[in-house]
Structure formats: C-alpha cells, structure tokens
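Dear colleague,

I am passing on the structure below, together with some notes on what turned up when I went through it. Please read them beside the model itself.

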Amino acid sequence: MSKTQEGHADAVDAVVEAWQRERPDLDLDAIAVAGRLGRLTLLLAPAQETVFATFGLQKGEFDVLASLRRSGDPYTLRPSQLSATLMLTRAGMTNRLDRLEAAGLVERTLDPEDRRSFRVRLTDKGYATVEDAMTAHTANVTQLLSALSEKQLGTLDGLLRILLRDLEP
C-alpha cells in the first residue's frame, strides 16, 4: 500500500522516492512490496526468537519440535522427513537433533522397518516444551499482527498464499 493509501510514509517510501528521482523510468511498485516484506521479516524474527529463547530454544529447534508435535501420536518422524519438511540439509538436521537430544527433548531410536535409519521422537519433556512454546508463540504472533483487522489479516494471508504458490517449486 502506498503512503497515499495509508496517509503516512515509511522507510521503504524513502528508498522508492530516491530511486524514482534517479530512475523515473522504472515502475517500483513491486520493489516497494518486496522491501516491506523484507523489513517485516527482519522485524518479526527477533520478536519470535525472544519467545523461543524463554523455552531454551532457537527458532530451528522449535521448528523440529513443532514438526514432530503436529505429526500426531506417536510424535515420531525419520530425520529425512524432518529435513524435507523444514527444507534443511541432513547435516543441518543432525546438528539440531544433537542439541535437542542433549537437552532431553527428543530421542533417536533405530527404525524397526529399516535398521540403517533412525526415528526421532518427542520425549515427554519435548512434548511439554513444544506445547508451552506453541501457545506462547501463537499469542506473540497474534499480538505482533494486531494492527490488522481480522478481514485485513485474511486478505493478506490470501495474497501471500498466491505469491507463494507461484514462487515455490
């Protein structure tokens, strides 16, 4: 939304205006949207990390616990399933799993169907941690986006869904 639609300028408007002055031949509407999405990501990430830190977690560790939790009982997945879900290399996943296992939040056991592979399961402590962290995370994100009405939030969600559907492989 341009500053004329909202009635006030932001940091992205200053960048766009400078480019319009220097390159009036360019249509910068998409640049403005991408700039705002980037700034929003930079502003939301630390606010979310703060919540995860209260549970002794980094965002990536929360993501692993959340993936296991939403997989349903018995809250068990193969590392390859976790890697695919989180778009993470196997080496990156191994590092996260090492930290979570050391904290007593997950356990790795041999896969009974393929003894060359492991399964990762939430421990009782991991289950309790992700339950509490997800509750706090949901409240935090709801608060962070509270400047939008329910209708605006739905519209934004729909628009972002369209962009992701077009951009994701």
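Which helices each supply at least two residues of the nonpolar patch? They are α3 (29-53) and α8 (150-167), helices here being DSSP runs of H or I with at least four residues, and strands runs of E with at least two, numbered from the N terminus.

Before the details, please note that this is a predicted model, in which local features need pLDDT of at least 70 and side-chain atom pairs count only at pLDDT 80 or more, whereas totals for chains, interfaces and linings use all residues. Residues are numbered from 1 along each chain as its sequence is written, and side-chain values use heavy atoms, with hydrogens and water left out.

The patch lies on the surface and consists of V33, L37, L148, L153, L156, L160, L163 and L167, which together have about 610 Å² of accessible area (Shrake-Rupley method, 1.4 Å probe, with only the protein chains shown counting as cover for residues). Patch members have over 30% relative accessible area and no salt bridge, and nonpolar side chains (Val, Leu, Ile, Met, Phe, Trp, Tyr) are joined within 5 Å, like charges within 9 Å; a salt bridge is a side-chain nitrogen of Lys or Arg within 4 Å of a carboxyl oxygen of Asp or Glu. The largest share, five residues, comes from α8. V33, found in helix α3, counts as partly exposed because its relative accessibility is 43%, where buried means under 20%, exposed over 50% and partly exposed in between.

As for the overall fold, the protein has eight helices and three strands, which follow the pattern α-α-α-α-β-α-α-β-β-α-α along the sequence. Its radius of gyration is 21 Å, well over the 15 Å that the globule rule gives for 169 residues, so the protein is more spread out than a compact globule (C-alpha atoms; the rule is 2.2 Å times the number of residues to the power 0.38). Of the 169 residues, 25% count as buried.

The three strands form an open, antiparallel sheet in the order β1-β3-β2, with β1 (76-77) and β2 (106-111) as the edge strands, each pairing on one side only; pairing requires at least two DSSP bridges. Two bridges join β1 to β3 (residues 114-122), and L77 stands opposite V120 in β3.

Finally, S83 in helix α5 (residues 79-86) counts as buried because its relative accessibility is 7%. Leaving aside residues up to four places away in sequence, S83 touches L88, T89, R90 and M93, contact meaning heavy atoms within 4.5 Å.

With best wishes

Key. Buried means under 20% relative accessible area, exposed over 50%, partly exposed in between (1.4 Å probe, protein chains only).
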